[in-house]
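Let's take a walk through this structure, one piece at a time. Have a look at the model first, then read on.

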Amino acid sequence: MKKPPSEEPQEDLTVTPPKTWAAGVPAVVHALEYSLEQTSPRETAVDLLTMNQVGGIDCPGCAWADPAPGHRHRNEYCENGAKHINDEATTRRITREFFREHPVSELARRSDLWLNQQGRLTEPMVKRPGSDHYEPVSWRDALQLLAGELKALASPDEAAFYTSGRASNEAAFILQLFSRAFGTNNLPDCSNMCHESSGFALHETLGTGKGTVSLDDLHHADLIFLVGQNPATNHPRQLSALEQAKLNGARIVAVNTLPEAGLMRFKNPQKPRGLVGKGVEIADRFLHIRPGGDLALFQGLNRLLLEAEDARPGEVLAHEFIASDTTGFPEFAEHARQISWEDVLAATGLTREEIEAVGEDVLRSERVIVCWAMGVTQHKHGVPTIREIVNFLLLRGNLGRAGAGACPVRGHSNVQGDRTMGIWEQMPDAFLDALRDEFGFDPPRPHGLDSVNTVKAMREGRIKVFLALAGNFVRAAPDSEVTEEAMRRCRVTAHISTKLNRSHTVCGETALILPTLGRTEKDFQSAGEQFVTVENSMSEVHTSHGKLKPASPLLLSEVAILCRLARHTLDGTPPLPWEEFEADYGAIRDRISRVVPGLHDFNRRVARPGGIRLPNPVNEGVYPTATGKAMFTRNSWEMPQVPEGHLLLQTLRSHDQWNTIPYTLNDRYRGIHGSRQVVLVNPADLTALGLAEGDRVDLVSVWEGGVERRAEGFQVVPYPASRGSAAAYYPETQVLVPLDSVADISNQPTSKGILVRLEPTG
């Protein structure tokens, strides 16, 4: 067993010039170095050679789609995926002796990095009221304790059931079934904090909350926009798709507040030219936009398209498509023509010439795709921004046909599958009716609580029991101090987890750690060896088969934990076959096939190489909207207001990080080494603020009513951020995001638009 670090890593900042390309030989070296630090050469090889292969382990990292069977590389993974899968497969173990030596109060002072590096959890643990230590507990006693607390609640709505995208489809379906059989729709999830704005905007305008493109569409587009995303760190295998698109003749426009290495040049480590050559230039244009300026950018582009149609009637817009498949065009067009160039340029920080050059690219392109991520969604006007992107795609008929469409890029393995399985506090009646018809009970109909409202309810004492299926809620949620105070007000907190994280140290009066199998591990139940399924960003559902021996004989699968908890809690009312579901996950998929549209004959179809592509109604010319057609919308111009002496801060991940967990203190693509306590600021802004490289500052966020939040002890690093903006690492800066600072309509935290000042510490 490899020994975990006993001490915190020492921070010692070194800054080098940012990289101008991504991947290549260094990516291979870093992936292998980290993997071999965690586990054996044999297990590293098993993980990597079966990862993202037919019949293998689905990468637990991002949700990017796999190439079709027969077209996959033998090494179908990226640097970060290799790190993540072997971080889970680590040979380091946390035993009862660890918890005897480390009280909860001490663990709460430890860093995210240190906690993660201690290794895999191996047996269920409980922290009892008044105690400062976790102690061992049997599975039966742990689940009876939790079930007893649930049954003692005055109302089922005093419980919340959180889900991370790490969960499988089968586990997610069981969790929502248990929650609704128990009597509540309180099903907050990580989507509430990353792509909720995408879901609301796409549902309203197209009638579906999902993207409309496939991997093949990316390969054959003429023009691809990458808006508010950093593929090299957050979904690196997207770079392979972009490389193929470029080789097929596509042009790519990168829209970002920061220059990102992977959007400049990509050296594909799976190909000779990526190992010894210069690689492939990705972005033909880089629009160095101001934070929150994407709405104005697409308003400007839409005005250009309307004016081009005026100059060349019948040659620019897709009139037949607009007439047959859309509604609201006249009102949209009238509104769009009123958007002033002065406002567009002020919000974007771009020149009119830059935007007009992109407009010419659009006019020369028959097939256009717009990809976006949290740089778009995590703003107050995230929903209007995505609605404006839809307007842009509708104008030239770039929806529902090959090589074109909308592509929200999700950064977590099965976060989209969770929604498909019913993990949403606002599931439509059609889904709830299907549950009723299949299982014989009427699910609750009132909407439940999302993540932000769950924190508010815990703070007010309205949520007394909090159960998390994977994830690290207290670090992912906004307003860290408020979230932690709220969590500590709970009567019981319970976490189904593979590894230790900060959420285990921020406890309710009673706290449970329920250790589970990882996706890399073999899962044997009474009916034999099981597999699970997941859904990627492009609506493809496929299998994942664990290959390694479990980290401990005391681990239970996610499905087993939830089924046993349901039996202890519900006492047979309603009479659901939890024992059958635990024994054979195929029985769960049989039921899913009769509840979830598109997954009929689930067991047989998902076993085929490549799995199942769920149907997207938009690609069939069907729009389940209020009007039955795709909807043009009118979106008011908006621009974040930044007073003098302040900056607009965005939170971001380092390259050596997965979700809330850093693997090292480095971010080599941005040239940051040895520390995460840094703030990246444009040199001109530093001069205006009277600051210099290496100065130490506190980041102070300013919110309504003069309430301030503070992140202490950051070093200033000059960086080519867009003027008026700054960037710092997540989750360390979640403390700065006010709980009430949310996107209109979607209630998603605005982690890319935080008003801050930099306060020197002397």
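Start with helix α8 (residues 169-182), which lies across β21 and β22 and runs at about 90° to β21. Helices (H or I, at least four residues) and strands (E, at least two) are DSSP runs, numbered from the N terminus. Axes are lines fitted to C-alpha atoms, for helices over the stretch in contact, and angles run from 0 to 180 degrees between N-to-C directions.

A quick word on the ground rules: this is a predicted model, where local features need pLDDT of at least 70 and side-chain atom pairs count only at pLDDT 80 or more, while totals for chains, interfaces and linings use all residues. Residues are numbered from 1 along each chain as its sequence is written, and side-chain values use heavy atoms, with hydrogens and water left out.

β21 and β22 belong to an open sheet of three strands, ordered β21-β22-β23, with antiparallel pairing. Since β21 (532-535) and β23 (612-613) stand at the edges with a single partner strand each, one side of each is left without a neighbour in the sheet. Two strands pair if DSSP finds at least two bridges between them, and two bridges join β22 (residues 540-544) to β23. In one of these, Glu 540 has Arg 613 in β23 as its bridge partner.

## Two nonpolar cores

Now for the inside. A nonpolar core is a set of buried Ala, Val, Leu, Ile, Met, Phe, Trp, Tyr and Cys residues joined through side-chain atoms within 4.5 Å; buried means under 20% relative accessible area, exposed over 50%, partly exposed in between (1.4 Å probe, protein chains only). The largest core has 66 residues, of which Leu 146, Leu 150 and Trp 578 touch the most other members. Helix α8 turns up again here, giving the most to this core with nine residues. A second, separate core has 52 residues, including Leu 206, Val 253, Ile 339 and Ile 389.

Beyond its neighbours within four places in sequence, Leu 146 is in contact (heavy atoms within 4.5 Å) with several residues, among them Val 465, Val 492 and Leu 565.

Rings of Phe, Tyr and Trp (its six-membered ring) pair if their centres lie within 6.5 Å; planes under 30 degrees apart count as stacked, over 60 as edge-to-face and the rest as tilted. That gives 20 aromatic pairs. In one, the rings of Tyr 162 and Phe 473 have centres 4.8 Å apart and planes at 70°, so the pair is edge-to-face. Tyr 162 sits in strand β7 (residues 159-163) and Phe 473 in helix α26 (residues 473-476), 311 residues apart.
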